Amino acid sequence: MGTIGRGARLSALLACAGWVTGIAGAQFEGYKVVRVSPASPRDVLAASAVSAGLWSERAGPGPFEVYVSPEGLEALAGTGVRFEVLVDDLQTLLDEERRANQAAKAARDSSFFDSYHNYADLIAYYQQLVTDFPALASIEVIGQSLEGRPMYAATITGPGDPSGRPMVYFNACQHAREWASPSTLAFIVDELLRNYGTDARVTEILDHVVLRAVPVVNPDGYEYTQVPANRLWRKNRRNNGDGTFGVDLNRNWDAFWGGDGSSGSTNSETYRGTAPFSEPETQVIRDDLLAHPSSVAHIDWHTYSQLILYPWGYADVPPPEPDRTFFDLFSRELADTIFAVHGVSYTPQQSIDLYAAAGTATDWAYSVGRKSWTIELRPSSGGAGGFILPPEQIRPTGQENYAAALRFLEVFIDGLYLGMPGGAPTEIINGAGRDFTVRIIGSSATLEPGSAALVFRTDFGADDVTVPLAPLTDISFSASLPALSPGRTINYHVEARTTAGNTVRFPSAGEISAAYLEESVITLDTCEINAGWTIGAPGDTATTGQWGLMDPEPTAAQPGDDHTPAPGVNCWVTDGRAGSQVGSFDVDGGATTLTSPRLDASLAGAWYSGGPTIAYHRWYSNDAGAAPNSDSMPVLLSNDDGATWTQIEDVSENTGAWTARAVVISDLMTPTDAMRLRFVARDLGSGSIVEAGVDDVSLAIRGVHYHPADLNHDTFTDATDFFAYLDLFVADDPGADLDADGDRDASDFFLYLDLFVTP
Ligand code: 0X9
Ligand code: ZN
């Protein structure tokens, strides 16, 4: 190799170093806003060419402002154009704005959501919001309750003509005692209004949809639950004329009225009234919703039990397709959206799976063509809280449902729902491509045939690539991500058009990022012969069903085959003999423990960006017998040869199949050369059938090989690595002796350069 080649490489490196410094730090750190005073059109062009962007609305003639990077400023000085610096550090200006904004937001009196409020105070709060945000919100009286209280609806939408915008209809508090319902709806409305104009997503949403919110459907009942009357009142305040009061408004709608789960007895909590829509409160909401034909979707907010319920609820009848699939997929997505905020689980299900209830608002709204849900808020059904949600949970409940409401509004803007039932791929292993399924369902619009596409951009390609999705059914499509080599990343989204010409994308903003990784299996134990596993641990008392290595015999509770593909036959199993009945050789009388041999997870990590992973296949069954589901199987991991153990999972699910599990060791503990894996099958209660199996246990590394010149292992081989090597070299560090000849000399240096420039 000649000297010239080396020189060229070195200057490339130094150029690279300059670039790296240039982008370091906050986005506009060191940038300045300058006023340019051009003397000629040439000056305008020269100044524009070196600036990062226009600050004023237009460039020249006459003075104008631009913002420039530190390098741009030097270049500007070099052009000879006259200028003065207006803002010394643009980043400081931006930071200050953000700080001031946040301080102003924090300073607003948000104590309203510290506690619950009576009807008058709640409505006054809505009215104050309308005063504070007159361009976005209005409120009107839509009717009267039985006792003559005004009923209200608030309308929230961005400025401009709302007539072409779809409407989403929310109502709270059909049931008087369910105070978390009106508080949550008020929180959602409040948050939308305060975030319009500062939060791009909220602004985009409110500019394209109208939210109509009824703060309280049952004001008479709500007032009656305020101290000192009856806090636990549910119905309205109808005098039934026989000494009893109240109709359950959520049994009074004209949807299968009079059917299961509603009562004809006036004293019942679910008294349906004398006829469908016998009550003024349900009439008022019916008329208001029908007066808005643009309303496409509806949520009836209740508490409690943390449920996302969709039609039908009167009987075990599924909604027609594609609605059923849409309700199912979107309800699951809403639950995930809620969970992501505070980690609280809401269960999506068809209403009938809770219990039958005829004459409900959600069934009625769906029957008149609106996609409709009943959302049951906190607390969960497990605790003691019931209808009483502590006031300190008003905000968190509001926050998680605000997140769901945003997604809800978004999905009904364009009327197409895009979802990925198997999830969006984010890791692609060993260079293969990946096919995944996309569901596209008209929530209130129609898909333009042929318009569905995957749009991706690779980390090395400059342009977006658009690939049409292959239709599988009317609502199912197949998308394919290309095969790329490990280390690459791809950013993608899926989009489709409605027949009205609107484009809908998933995710609604931003891109999904997928990493191409390689996986290297260090050890795979197919459990055909015993590779050093041990059975038994102190405390084991199982009298039957101890772990053993064998070819299992099928029973209702036990696999008939191991997991390893043929010619594999054996696996670890809690006595794999079938016997005369399902309970013959299951685990009885306590625990039986299976412990793996030592696994060395310490190696190879130095060459990979990812960490070592332990994977296993397990079978677990505990749903047969007299006392099903009373046991569980802890799976434990040790990195000190079994001295201490950390639980990976406590298996209680009965999948009735071999189930794969993988854990990145560093998520739990430091990988060492003394890892052990342990399965504790146990029968603690009596009468329950416990069977378990373990097979195909592997230790693998998933990630990307570090480039040998990537000294700081950040997966980029860049100037930082080059200078790191220079530091080692100058310090005469043994690590700089790349040719291992005992000294650090020019040949080591050029060896590093060669590594550095080799892709
Ligand atoms: O029973 C109701 O009206 C609702 N539950 S609550 O505890 N808030 O009263 C649930 C209605 C959901 N619909 C069906 N289960 N059909
Ligand atoms: Zn309710």
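Mentor: Around ligand 1 there are 14 residues, and those that come nearest are Arg234, Asn250, Arg251, Tyr355 and Glu376; a residue is counted as near if one of its heavy atoms lies within 4 Å of the molecule. The model is a predicted one, in which local features need pLDDT of at least 70 and side-chain atom pairs count only at pLDDT 80 or more, while totals for chains, interfaces and linings use all residues. Residues are numbered from 1 along each chain as its sequence is written, chains are lettered from A and ligands numbered from 1 in the order in which they are written, and side-chain values use heavy atoms, with hydrogens and water left out.

The polar contacts of the ligand come next. A polar contact is a pair of N or O atoms within 3.5 Å; within protein, one must be able to donate a hydrogen and the other to accept it, and residues adjacent in sequence count only if both atoms are side-chain atoms. The side chain of Arg234 places an N or O atom 2.5 Å from an oxygen atom of ligand 1. For Tyr355, the distance from a side-chain N or O atom to an oxygen atom of the ligand is likewise 2.5 Å. Glu376 faces a nitrogen atom of ligand 1, from which a polar atom of its side chain lies 2.7 Å away. The ligand would expose 420 Å² if taken alone, and the protein buries 95% of that; such areas come from the Shrake-Rupley method with a 1.4 Å probe, and for residues only the protein chains shown count as cover. The shell is made up of 4 nonpolar, 6 polar and 4 charged residues. In this classification Ala, Val, Leu, Ile, Met, Phe, Trp, Tyr, Cys and Pro are nonpolar, Asp, Glu, Lys and Arg are charged, and the others, Gly among them, are polar.

The model also holds a zinc ion, ligand 2, coordinated at 2.0 to 2.2 Å by His175 (ND1), Glu178 (OE), Glu178 (OE) and His302 (ND1). Donors here are N, O and S atoms within 2.8 Å of the metal (3.2 Å for Na, K and Ca), and as water is not among the atoms, sites may look incomplete. Along the chain, the donors of the zinc ion follow the spacing H-x2-E-x123-H. Glu178 belongs to the loop between β7 (167-172) and α6 (180-195), whereas His302 is in strand β9 (residues 295-305), so the pair ties together parts that are 124 residues apart in sequence. Helices (H or I, at least four residues) and strands (E, at least two) are DSSP runs, numbered from the N terminus. Glu178 is buried at 2% relative accessibility, and His302 is buried with a relative accessible area of 2%. Buried means under 20% relative accessible area, exposed over 50%, and partly exposed in between (1.4 Å probe, protein chains only).

Cys173, found in the loop between β7 and α6, has a positive phi near 60 degrees although it is not a glycine, and it is buried with a relative accessible area of 1%. In strand β9, where Tyr304 has its place, a cis peptide bond with omega of about 10 degrees joins Thr303 and Tyr304. For context, most residues other than glycine have a negative phi, and most peptide bonds are trans.

Elsewhere, helix α12 (residues 394-414) has 21 residues that should span 30 Å at 1.5 Å a residue, and its end C-alpha atoms, 31 Å apart, agree with this; the expected span is 1.5 Å times one less than the number of residues. Of the 21 residues of α12, 18 are buried, so the helix is largely enclosed by the rest of the structure. Gly415, with a positive phi near 80 degrees, follows α12. Helix α10 (residues 323-342) likewise agrees with expectation: its 20 residues should span 28 Å, and its end C-alpha atoms are 29 Å apart.

As for the whole, the protein has 14 helices and 32 strands, and 49% of its 759 residues count as buried. Its C-alpha trace spans about 105 × 95 × 50 Å along the principal axes.
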